Structures are given as C-alpha cells and as structure tokens.
Amino acid sequence: MTAESPQPVYGIPENIAYVHSEEFAKYSPTATYIANLDTGEHSILQGSASIIWGLFEEPTSEEEAIETICELYEQPSEVIAPQIEDFIPELLSKNLLETL
C-alpha cells in the first residue's frame, strides 16, 4: 500500500492586506478589497470569489475548501470542485494565495 502525498495547504500571504465589505463575519462578505503591500496592486473579489478566498484566512487545503463551499451552498462536489480547482491556480498566479 502506498501512502498518499499530503494535499497542499494554502493561505493568504503576509504582504496582502484586505477588508471584507458589508459584514466582517467569516463566510458572509459580499466583496473583499485586497492590496498587495509590496507592489501596491489592488484587487476586488465579489460574491462567491470573496467567500472562497476568505476561507484561506486560516490554512486550508483544496479539499477542505471544496467541502466547506459544498456545505455552504448545499451543492454536490461535482458542481463546486471544478470551480475551486480552477480558482486556486488563478489566486496563486496573482500572488493572492500561497502554498504553505
């Protein structure tokens, strides 16, 4: 029996400052305003993108993120997983997420 490699865990880099609009409660923001303190670049994530990105305030694996969003939206992983699997590399490429 071969052991599976542990899944990568992702988090928000230390050089990223952010604020959630509307409410400051976890999983309920409607938009997140993000600034890269090193480059000065700004981004805005809205709706589900904001909620998904907010999951990574605490170190989280892709699998954990998928499970949480499935529960939150009451959708099967077949619907949610592809969206998160596509979104994580996008966040990594923009330095809005890092592998821990």
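Helices (H or I, at least four residues) and strands (E, at least two) are DSSP runs, numbered from the N terminus. The model shown is predicted: local features need pLDDT of at least 70, side-chain atom pairs count only at pLDDT 80 or more, and totals for chains, interfaces and linings use all residues. Residues are numbered from 1 along each chain as its sequence is written, and side-chain values use heavy atoms, with hydrogens and water left out.

**View 1. The loop between α3 and β6 contains N95, a residue with positive phi.** N95 lies in the loop between α3 and β6. Although N95 is not a glycine, its phi is positive, at about 60°.

**View 2. The loop between α2 and α3 contains E74, a residue with positive phi.** E74 is found in the loop that joins α2 to α3 (77-93). E74 is not a glycine, yet its phi is positive, at about 55°. The relative accessibility of E74 is 70%, so the residue counts as exposed.

**View 3. Overview of the protein chain.** The secondary structure comprises 3 helices and 6 strands, in the order β-β-β-β-α-β-α-α-β from the N terminus on. Of the 100 residues in the chain, 37% are buried. The accessible surface (Shrake-Rupley method, 1.4 Å probe; for residues, only the protein chains shown count as cover) comes to about 6400 Å², and 49% of this area belongs to carbon and sulfur atoms. Among contacts (heavy atoms within 4.5 Å) between residues at least 6 apart in sequence, 47% join residues at least 24 apart.

**View 4. An open sheet of 3 strands has the order β5-β1-β6.** The pairing in this open sheet is antiparallel; two strands pair if DSSP finds at least two bridges between them. The edge strands, β5 (60-61) and β6 (98-99), each pair on one side only. Strand β1 (residues 9-11) pairs with β5 in the antiparallel sense over 2 bridges. V9 stands opposite S61 in β5.

**View 5. E62 is buried without a salt bridge.** E62 lies in helix α2 (residues 62-73). A salt bridge is a side-chain nitrogen of Lys or Arg within 4 Å of a carboxyl oxygen of Asp or Glu. E62 has none, and its nearest side chain of opposite charge, K94, is 16 Å away; Lys and Arg count as positive and Asp and Glu as negative, while His and the chain ends are not counted. Apart from neighbours within four places in sequence, E62 is in contact with Q7, P8, Y10, I84, E85 and I88.

**View 6. K94 forms a salt bridge with E90.** The structure holds 1 salt bridge. In the pair K94 and E90, the closest N and O atoms are 3.3 Å apart. E90 is partly exposed, with a relative accessible area of 36%.

**View 7. V19, Y33 and I44 form a nonpolar surface patch.** Patches are made of residues with over 30% relative accessible area and no salt bridge; like charges are joined within 9 Å, and nonpolar side chains (Val, Leu, Ile, Met, Phe, Trp, Tyr) within 5 Å. Together, V19, Y33 and I44 have about 270 Å² of accessible area. Y33 lies in strand β3 (residues 31-36). The relative accessibility of Y33 is 40%, so this residue counts as partly exposed.

Note on methods
Buried means under 20% relative accessible area, exposed over 50%, partly exposed in between (1.4 Å probe, protein chains only).
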